[in-house]
Amino acid sequence: RRSFGPAYRLLGSVYRLKGDSVLTKYYRIRANDLADYTPPLDTLVDKLALLSKSELYLLKQIDIAERSIYPEWGLDIAINGLKQLPDNKYLISKAIKLFFKLGHGNQAAPYLEKHISLFGDDFDEIIEIANLLFDKGYISQSLIYYNHAVNLSPVNPKAQSGLALCLWDSGMQQNAISQITDFIERNNKNPEVLTEVISFYIMVEDTEKAILYLSQLRRIANSNVKVKKFEGMIAEVDGKYDEAIANYESSFKADPSDLSTTRYLGNLLLKQKIWDKSIRHYKNALDYHPNEPDLLERLGTLLVSCPDISLRDYNTARELSERAFIHK
């Protein structure tokens with residue numbers, strides 16, 4: 001089976017013993033696309049998971065199901081477990097995250113109030129759910145979580161910028177500006193704060209303010225790897241595409257681990273129909289992010305449908321597209 005991860009991992013080990021480093025790396029990368037282990041169907045174990053009142057056992061079974069080819073079973077275990085243990089904070093957290101992961105965000109709503117009360121002093125959990133809610137479009141609920149996160153950690157830049165964006169998307173633009181302005185005035189020498197504020201102003205399309213704070217960031221931390229990324233984003237908004245591409249390329253070279261830069265550059269190269277450079281970029285990106293499904297899909301599609309027929313590579317395209325399709 002092409003979706004059986006352990007087989008690829010075993011092949012990687014075999015080729016390592018044979019001294020073939022190229023195939024060792026290839027099969028280990030393929031293995032990382034897929035689930036580490038898919039347990040065989042066992043109806044007795046499944047029944048036990050539905051009857052158990054053991055927090056540790058239920059959490060373990062949810063984790064196993066989530067990593068398998070049937071993560072919906074993990075959600076069933078979590079929901080059923082909450083009937084036995086309705087106040088278990090870890091089951092509530094698992095259920096909420098699985099609801100959103102599996103596209104059932106509306107069903108998470110009844111659990112949010114209890115979740116925030118049980119995790120009231122856990123900043124990492126609160127900000128994770130705040131980001132999750134915002135990303136999925138549940139703005140009013142995310143606003144509650146961001147406010148709570150800011151109360152827990154008033155100096156955290158991501159919490160402050162998240163709250164500002166949430167206020168903006170809730171129609172409270174003036175409140176958002178007041179909040180972010182107050183925060184930057186109190187922390188105008190902090191590069192991390194400046195990067196979050198610049199991101200905020202770029203996202204709300206206030207290029208003038210973004211440039212203002214970018215100049216400030218250059219003065220105090222010109223070597224910050226995000227400077228070129230922000231210059232690229234601003235240039236793109238202004239329609240200066242060649243300049244944007246040059247800045248994105250510089251940023252990607254300095255920090256290839258930043259997936260957002262990778263995607264900005266790839267999207268703009270495609271938009272400008274620079275096919276050869278697009279292909280090179282995605283190949284380079286996969287050297288650093290070999291298991292990112294959207295990069296696999298994008299390069300696979302490009303190699304099979306590129307308008308420049310001389311750049312097509314059907315065999316590689318098929319493999320990349322297959323990997324993206326069966327990705328865990």
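Modeller: Buried means under 20% relative accessible area, exposed over 50%, and partly exposed in between, with a 1.4 Å probe and protein chains only. Helices are DSSP runs of H or I with at least four residues, strands are runs of E with at least two, and both are numbered from the N terminus. This is a predicted model, in which local features need pLDDT of at least 70, side-chain atom pairs count only at pLDDT 80 or more, and totals for chains, interfaces and linings use all residues. Residues are numbered from 1 along each chain as its sequence is written, and side-chain values use heavy atoms, with hydrogens and water left out.

Biologist: Is Ser-93 buried or exposed?

Modeller: Ser-93 sits in helix α6, residues 89–101. Contact means heavy atoms within 4.5 Å. Leaving aside neighbours within four places in sequence, Ser-93 is in contact with His-115, Phe-119 and Glu-125. At a relative accessible area of 7%, Ser-93 is buried.

Biologist: Which residues is Ser-161 in contact with, leaving aside its neighbours within four places in sequence?

Modeller: Ser-161 belongs to helix α10, residues 157–169. Its relative accessibility is 6%, which counts as buried. With those neighbours left aside, the residues in contact with Ser-161 are Ile-180 and Glu-196.
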